[in-house]
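Me: Hey, I'm new to this one. Can you walk me through it?

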Amino acid sequence: MERVNLTRSYLETLSSADLKDLADEYGIDIPENLTRRFVIAELLEASAENPVEDSFTLCEQAEADTKISKNLYQSLTSVPELPFSYNENKINAVLRNPAWCYVYWDIKKSDYVNLTNDMFFVRFVIRTSYFKEPEDSASCDEFDISVEQNDRDQYVFLPAQARMVQFTLIAEFEDNRFAELARSEPLLTPFNRPYIGSLFLQRDFAPIFTLSGLPELIRYQYNEHRQSFSMDV
């Protein structure tokens, strides 16, 4: 390795093997367990005692500094990929806005295999329970949202009359069995939310909309997903 005037920024760009080779050139005995920080300090001290004129140009210094900045930027901006599963039975919910709730869950791998391999297994569902008051022990409304086996999140529409909501992750079977895997913490919903609910389904539609099948579509969306259409028709 060509001998040059050493700077800390330049030494930081070198591999541990290159640092060891450079230390050998300077006659520095490096113990096996010595960290890079101490090796660099020893090299800087040796270089100060034995400077080499005009061997490390400003251009080379700038290139070394640029390399360090680039590596630092990449380390700060790179986002590690999150695992698909944390191997636990858990369900959580957070409010996206006053009308919508974001629900996400995980299923333990061993439970997932045992459940889906059961010959009577039908599906996973998210049971959504609404409470008129936080102190109520019984829900005022419940409905199940069917989810695919590989789904791990779902947006749920919140009715205005509910003051609290809770979600339960359930596996259903053909022989009327069900297995509760996880239950979320109760979630208080905001006050004074706009009412978008089942009363909308009872309104009279113009004949042209009835013929189009729109009312049935609205009912299906509301019953299956608790989504509603705020429309002046």
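Here is a short chat about the model above.

Me: What's the mean pLDDT of the protein chain?
Reply: The mean is 78, with 75% of residues reaching 70 or more; pLDDT is the predictor's confidence in each residue, from 0 to 100. This is a predicted model, where local features need pLDDT of at least 70, side-chain atom pairs count only at 80 or more, and totals for chains, interfaces and linings use all residues. Residues are numbered from 1 along each chain as its sequence is written, and side-chain values use heavy atoms, leaving out hydrogens and water.

Me: Where is the pLDDT below 50?
Reply: Over residues 227-233. Where pLDDT is low, the predicted coordinates should not be read in detail.

Me: OK, new topic. How many residues are in the largest nonpolar core?
Reply: 26, and F124 and W105 are among those with the most contacts inside that core. A nonpolar core is a set of buried Ala, Val, Leu, Ile, Met, Phe, Trp, Tyr and Cys residues joined through side-chain atoms within 4.5 Å.

Me: Which element gives the largest share?
Reply: Strand β6, with 5 residues. Strands here are DSSP runs (E, at least two residues) numbered from the N terminus.

Me: And E172, is that buried or exposed?
Reply: E172 sits in β6, residues 164-173, and is buried, with a relative accessible area of 17%. Buried means under 20% (1.4 Å probe, protein chains only).

Me: What does E172 touch?
Reply: Leaving aside residues up to four places away in sequence, its contacts include R123, R127, D144 and R177. Contact means heavy atoms within 4.5 Å.

Conventions
Helix = DSSP H or I, 4+ residues; strand = E, 2+ residues; numbered from the N terminus. Buried < 20%, exposed > 50% of the residue type's maximum accessible area, 1.4 Å probe, protein only.
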